[in-house]
Amino acid sequence: MTIFKKIINKEVPADIVYEDEFCMAFKDIHPKAPTHVLIIPKKEIPSMAEVAPEDKEILGHLLLKAAEVAEQLGLKEKGYRLVINTRQHGGQEVPHLHIHILGGRPLKWPPG
Ligand code: 5GP
């Protein structure tokens with residue numbers, strides 16, 4: 001079981017900023033920006049490489065909620081970045097799909 005599934009199950013504590021039937025958003029334990037939140041589906045999808053047509057609603061839900069959470073965190077006006085690291089070359093460490101919400105400072109582009 002991944003660490004994120006344990007967070008969903010409330011077996012591992014997390015600083016949860018949003019939760020509903022389909023997703024959960026919580027603060028990243030090692031923040032890479034002044035605001036760094038992860039939003040994850042409750043469904044166990046390992047990465048973007050495994051999404052299926054049946055995941056259309058949950059994927060749309062995640063993006064809509066990411067925008068809402070970003071606003072709730074005060075990031076809307078100046079902006080923010082959503083990142084989905086995917087598998088090895090994408091730098092993914094936890095094999096449970098997650099969107100990073102990063103903000104609170106100007107972010108460089110392109111990534112390393
Ligand atoms: P990835 O590299 O897979 O895209 O990102 C995984 C993220 O999960 C990392 O930014 C890492 O700091 C965060 N993370 C890993 N373990 C935990 C944990 O137990 N709790 C929380 N809140 N974040 C975690």
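This is a predicted model: local features need pLDDT of at least 70, side-chain atom pairs count only at pLDDT 80 or more; totals for chains, interfaces and linings use all residues.
1. Leaving aside residues up to four places away in sequence, its contacts are Thr 35, His 36, Val 37, Ile 39, Ala 66, Val 69, Ala 70, Leu 75, Tyr 80, Arg 81 and Leu 82.

2. Two of these contacts are also bridge partners of Ile 101. Val 37 is paired with Ile 101 of β5, and Leu 82 likewise has Ile 101 as its bridge partner in β5. The strand pairings around these bridges are both antiparallel: β3 is joined to β5 by five bridges, while β4 and β5 are linked by four.

3. Five of its five residues are buried, and the strand is mostly covered. Ile 99, Ile 101 and Gly 103 point one way from the strand, whereas His 100 and Leu 102 point the other way; all are buried.

4. The sheet as a whole is open and consists of five strands in the order β1-β2-β3-β5-β4, with antiparallel pairing. Its edges are formed by β1 (16-19) and β4 (80-83); each has a single partner strand, so one side of each is left without a neighbour in the sheet. On average, neighbouring strands are turned by 20 degrees against each other, direction ignored.

5. The largest nonpolar core has 15 residues, of which Val 17, Ala 25, Val 37, Ile 39, Leu 62, Val 69 and Ile 101 touch the most other members. Two or more residues are given to this core by each of β2 (23-27), β3 (35-41), α2 (56-72) and β5 (99-103). The largest share, five residues, comes from α2. Apart from this core lies another, of eight residues, including Ile 7, Phe 26, Leu 38 and Val 94.

6. Read together, these points place Ile 101 in both the sheet and the core. Ile 101 is the bridge partner in β5 of Val 37 and of Leu 82, and Ile 101 is also listed among the residues that touch the most other members of the largest nonpolar core.

Notes:
Residues are numbered from 1 along each chain as its sequence is written. Side-chain values use heavy atoms; hydrogens and water are left out. A nonpolar core is a set of buried Ala, Val, Leu, Ile, Met, Phe, Trp, Tyr and Cys residues joined through side-chain atoms within 4.5 Å. Buried means under 20% relative accessible area, exposed over 50%, partly exposed in between (1.4 Å probe, protein chains only). Contact means heavy atoms within 4.5 Å. Two strands pair if DSSP finds at least two bridges between them. Axes are lines fitted to C-alpha atoms, for helices over the stretch in contact, and angles run from 0 to 180 degrees between N-to-C directions.
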